[in-house]
Amino acid sequence: MSNILIITKEKENARNLQTRLSELGHSCISALFRENVGEKIGGVVPELVMVEADGQNPVVLLSLVQGLKAQYK
């Protein structure tokens, strides 16, 4: 199935979502906004990135996306 990267503000949110998606057969990696996402996922290239956007500054989200894109060029 899909390799999914989950980025959230709270560890509990990521854990709950990761558990449910794993039960459906998806491979999941989770990271928190405050972590270095690139280091957290290593060389794994996610097929789908899920981001908890509730209350996040749009500049932070744009920076995150640009950083991930640059890492995989």
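1. Which element has the highest mean pLDDT, and which the lowest? Helix α1 comes out highest with 92, while helix α3 (residues 58-71) comes out lowest with 69. Where pLDDT is low, the predicted coordinates should not be read in detail.

2. Now find the sheet. Three strands form an open sheet in the order β2-β1-β3, and their pairing is parallel. The edges are β2 (27-32) and β3 (48-51), each of which pairs on one side only. On average, neighbouring strands here are turned by 20 degrees against each other, direction ignored.

3. Next, see how the strands line up. Strands of a sheet pair through backbone hydrogen bonds, either parallel or antiparallel. β1 and β2 pair in the parallel sense over six bridges, and asparagine 3 has serine 27 in β2 as its bridge partner. With β3, strand β1 (residues 3-8) pairs in the parallel sense over four bridges. On that side, isoleucine 4 stands opposite leucine 48, and isoleucine 6 stands opposite methionine 50.

4. Look at β1 itself for a moment. How many of its six residues are buried? The count is six of six, so this strand is mostly covered, where buried means under 20% relative accessible area. Asn3, Leu5 and Ile7 point one way from β1, whereas Ile4, Ile6 and Thr8 point the other way, and all are buried.

5. Is valine 49 buried, partly exposed or exposed? Its relative accessibility is 36%, so valine 49 counts as partly exposed, the class between 20% and 50%. Although valine 49 and isoleucine 6 are 43 residues apart along the chain, their C-alpha atoms are separated by 6.0 Å.

6. Finally, turn to helix α1. Together, β1, α1 and β2 make a right-handed β-α-β unit.

Key
Residues numbered from 1 in each chain as written. Predicted model: local features only at pLDDT ≥ 70, side-chain atom pairs only at ≥ 80, totals over all residues. Heavy atoms only, no water. Pairing = 2+ DSSP bridges. Helix = DSSP H or I, 4+ residues; strand = E, 2+ residues; numbered from the N terminus. Axes fitted to C-alpha atoms, helices over the stretch in contact; angles between N-to-C directions. pLDDT = per-residue confidence, 0-100. Buried < 20%, exposed > 50% of the residue type's maximum accessible area, 1.4 Å probe, protein only. Right-handed = clockwise from strand over helix to strand, strands pointing away.
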